[in-house]
Structures are given as structure tokens and as C-alpha cells.
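Keep the viewer open as you read.

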Amino acid sequence: MLNKLMSASALLALSVGVLAADSPMQATADMSELMTRIIQPASDAVFYVSRTPPGDDAAWREMENMTLMLAESANLLLIPGYTQASEQWLRDTLLMRDAAVAAWEAAQARDLEVLMDLNGALYDSCESCHIATR
Ligand code: HEC
């Protein structure tokens with residue numbers, strides 16, 4: 001796992017320069033907007049799930065939407081314009097993605113317990129990156 005992470009991060013460092021110059025993937029906004037308009041609202045759905053647990057099918061569908069948005073936004077943290085070429089950045093992004101993918105699966109399984117348990121791991125991924133980069 002660590003080796004995989006290291007080689008992925010070496011690859012990332014190499015490719016950021018190339019990608020940034022000539023990539024079909026381009027950031028639409030800036031980091032602050034990605035955080036406040038997409039990542040924060042999506043993660044709030046998970047952070048506050050015990051306060052307002054989904055009570056019907058429509059609410060669970062909405063939880064699925066939010067957790068999928070969160071999981072895919074981890075990929076956005078790796079595109080030119082948002083990404084930073086460091087091992088720390090990649091590691092924290094993958095922590096966020098792992099927690100978000102697990103939340104997406106829990107939402108599809110309608111598993112409130114698992115969603116609540118994922119709070120800590122998700123929060124840690126945000127904090128770890130913020131402490132290192134802000
Ligand atoms: C891989 C790094 C990384 C991860 C993971 C990350 N963030 Fe951020 N976040 C940043 C950076 C960098 C900034 C500073 C952006 C700026 O102002 O330029 C930021 C800023 C923010 C802000 C303040 C934005 C503003 O302008 O007011 C919020 C809110 C935020 N993040 C929420 C979150 C939440 C919630 C999570 C986890 C679900 C998270 N972030 C995960 C890197 C990260």
C-alpha cells in the first residue's frame with residue numbers, strides 16, 4: 001500500500017507539469033470555491049447525518065447524491081488548477097476519497113451506523129490537509 005502510494009505520488013509529481021500544460025482536465029473555479037461550494041455542502045451531509053438522519057427514500061437518494069459528489073470531488077483535487085504536487089496532498093486526498101467512497105456505499109446500503117462511524121475518518125482527512133496546506 002505504501003509502495004503503491006509512493007509510486008503514485010512520484011507519478012503525480014512527474015505528470016503535474018505535463019498535465020497542467022496540456023490537459024483536457026481544467027479547474028473551473030479556484031480552491032476556495034471548490035471547498036465552499038462542493039466539498040463542504042457534500043461533506044456536511046455526512047457530518048450532520050446523526051442530527052437529521054434520512055427518514056425516507058427521497059432523503060436517502062439525496063444522501064447518495066451528496067456522498068457521490070464528495071467521492072468524485074476527491075478526483076477534482078488531483079486535476080491541474082486544484083492539485084498540489086506533494087506526497088502529503090495525494091495522501092490526504094486519498095484518505096478523503098476512501099472515506100467518501102465508503103460513505104457512498106453506506107448510503108446505497110441505507111446504513112446509518114456506518115455513515116455515522118465514517119465521520120471521524122472524513123474529518124481527519126480534511127484536517128490533515130488543512131494543517132499542512134493552509
Ligand atoms: C488535499 C487537500 C485538502 C483536503 C483533503 C481538503 N481540503 Fe479544504 N482546503 C484546502 C486548501 C488548500 C484550502 C485553502 C483554499 C484557499 O483559500 O485558497 C482549503 C479550504 C477549505 C475551506 C475554506 C474555504 C474558504 O475560502 O473559506 C473549507 C470550508 C474547506 N476547505 C472544507 C473542507 C472539508 C469539509 C474537507 C473534507 C471533507 C476538506 N476541505 C478537505 C485543501 C484541502
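A residue counts as near a molecule or strand if one of its heavy atoms lies within 4 Å of it. Around the ligand there are 16 residues, and Ser32, Met35, Cys126, Cys129 and His130 come nearest. Before we go further, a word on what you're looking at: this is a predicted model, where local features need pLDDT of at least 70 and side-chain atom pairs count only at pLDDT 80 or more, while totals for chains, interfaces and linings use all residues. Numbering starts from 1 along each chain as its sequence is written, and side-chain values use heavy atoms, with hydrogens and water left out.

Now zoom in on the iron atom of the ligand. Met35 (SD) and His130 (NE2) coordinate the iron, at 2.0 to 2.3 Å. This pair links distant parts of the chain, since methionine 35 belongs to helix α2 (residues 31-47) and histidine 130 to helix α6 (residues 119-133), 95 residues apart. Donors here are N, O and S atoms within 2.8 Å of the metal (3.2 Å for Na, K and Ca), and sites may look incomplete because water is not among the atoms. The iron has 6 donor atoms with angles of 82 to 179° among them, and its site is octahedral. For six donors, that label requires opposite donors over 155 degrees apart and all others between 65 and 115. For reference, the ideal angles for six octahedral donors are 90 or 180 degrees.

The scale calls a residue buried under 20% relative accessible area, exposed over 50%, and partly exposed in between (1.4 Å probe, protein chains only).

A polar side-chain atom of serine 32 sits 2.5 Å from an oxygen atom of the ligand, and an N or O atom in the side chain of histidine 130 is 2.8 Å from a ligand nitrogen. A polar contact is a pair of N or O atoms within 3.5 Å; within protein, one must be able to donate a hydrogen and the other to accept it, and residues adjacent in sequence count only if both atoms are side-chain atoms.

Step back to the fold. The protein has 6 helices and 0 strands, where helices (H or I, at least four residues) and strands (E, at least two) are DSSP runs numbered from the N terminus. Of the 134 residues, 33% count as buried.

Two serines are among the buried residues. Serine 73, in helix α3 (residues 57-76), counts as buried because its relative accessibility is 1%. A polar atom of the serine 73 side chain lies 2.7 Å from the backbone oxygen of leucine 70. Beyond four places in sequence, serine 73 touches Ile38, Ile39 and Met96, contact meaning heavy atoms within 4.5 Å. Serine 125, in helix α6, is buried at 3%; leaving aside neighbours within four places, its contacts are Asp92, Leu95 and Met96.

Finally, look at the loops. Arginine 110 lies between α4 (87-108) and α5 (112-117), with a positive phi of about 55° although it is not a glycine. Most residues other than glycine have a negative phi. In the loop between α2 and α3 you'll find serine 50, which is 8.1 Å from leucine 112, C-alpha to C-alpha, despite 62 residues of sequence separation.

Notes:
Tetrahedral: all angles 85-135°; square planar, octahedral: opposite > 155°, others 65-115°.
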